[in-house]
Amino acid sequence: MKKIGFLSFGHWNPSPQSGTRSAADVLHQTIELAVAAEELGADGAYVRVHHFAQQLGSPFPLLAAMGAKTNRIELGTGVIDMRYENPLYMAEDAGSADLISGGRLQLGISRGSPEQVIDGWRHFGYAPAPGETEADMARRHAEVFLDVIEGKGFAQPNPRPMFPNPPGLLRLEPYSAGLRDRIWWGAASNATAEWAAKMGMNLQSSTLKVDENGKPFHVQQAEQIRAYRAAWKDAGHAREGRVSVSRSIFALVNDQDRVYFGRQGGQDQFGVIDQYRAVFGRSYADEPDRLIEQLRQDEAIAEADTLLLTVPNQLGVDYNAHLIESILTHVAPGLGWR
């Protein structure tokens, strides 16, 4: 295990019991938690992206603010739903945020998760082309995005421009060198993981996966990772592809932890989501020594190089920093981190 970061869903709720009662609360607290996580020695601060929900939506202003307030920690998404994105405008946003952070963005993109509304991407002005599915549209948007962030010129310059142009075709600006190697695809199946490898993207695999053989979640996820790595090798890329997995992991080190999470854990769950049979990975909550032993049995964690800890952001910055510190101090060294 090379890197450990957190993943926030960015929920807010006006309930008096919530530590994040507004969008402003979530945005400011996410920045604060990124700063705290960096000070604790964590490697990454990632956010989920959901539209039409009381959760984090447009990620780039937030990523830019996180980048301006931190110095070392990786900043990412898990994931941006490419059904909703104009890939050229997104390339400009991503380039700007990456430059502000000094080249620390790790952008997870994908087809997206189940939505709050019916075909929400249509409200954003997008629709599949004839013969396309919405997943095809997401991949098409992704391919355009990957192409334009390479930094190659493609647009014919105006012969009478307002400002002088460099010679040749023009590219999108601002351009951030190296960003193309820091794009991840959130894959729910083995086939999409193999496609991501072919496209030269890193792999994000979450706590939900298409059930392909009825095996335990961590076993199926490990198989997905091995399929990705084999496809990456076959594609002949010059660099090594990275792989992250997400987990809900809580080290019970005080009474407050036991109150909140003492009854967490349990088993994988199988069900149907978006018309696919899926397997949902279990949560882990236990005393640190027992937690280490349980996590050592997780084949996918062993296969991945990055572990993202999902955090209950509505419990506030201080408590979430405590959760992260507990894992980094009492659990991560036992898994080979650092």
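This short talk walks through salt bridges in one structure, then turns to one asparagine.

First, the ground rules. This is a predicted model, where local features need pLDDT of at least 70, side-chain atom pairs count only at pLDDT 80 or more, and totals for chains, interfaces and linings use all residues. Residues are numbered from 1 along each chain as its sequence is written, and side-chain values use heavy atoms, with hydrogens and water left out.

Now, salt bridges. The term means a side-chain nitrogen of Lys or Arg within 4 Å of a carboxyl oxygen of Asp or Glu. By that rule, we count 24 salt bridges.

Start with Glu74 and Arg242. Their side chains form a salt bridge, at 2.9 Å from N to O. Where do Glu74 and Arg242 sit in the chain? Glu74 is in strand S3 (residues 74-81), and Arg242 is in the loop between helix H7 (217-235) and strand S8 (243-247). They are 168 residues apart, so this pair links distant parts of the chain. A word on those labels: helices (H or I, at least four residues) and strands (E, at least two) are DSSP runs, numbered from the N terminus.

Buried or exposed? Buried means under 20% relative accessible area, exposed means over 50%, and partly exposed is in between, with a 1.4 Å probe and protein chains only. Glu74 is buried, at 11%. Arg242 is buried too, at 17%.

Next pair. Arg182 bridges to Asp98, with the closest N and O atoms 2.8 Å apart. Arg182 lies in the loop between helix H5 (134-148) and strand S5 (183-186), while Asp98 is in helix H3 (residues 87-101), so the pair ties together parts 84 residues apart in sequence. Arg182 is buried, at 12% relative accessibility. Asp98 is buried as well, at 0%.

Now a contrast. Glu173 and Arg171 form a salt bridge, their closest N and O atoms 3.0 Å apart. Glu173 is partly exposed, at 44%. Arg171 is partly exposed, at 35%.

Some bridges join up. Asp81, Arg83, Arg111, Glu115 and Glu134 are linked in a network of salt bridges.

Last stop: Asn202. This residue is in strand S6 (residues 202-205). Asn202 is buried, at 1% relative accessibility. A polar atom of the Asn202 side chain lies 2.9 Å from the backbone nitrogen of Arg242.

Technical notes. Polar contact = N/O pair within 3.5 Å; in protein donor to acceptor, adjacent residues only side chain to side chain.
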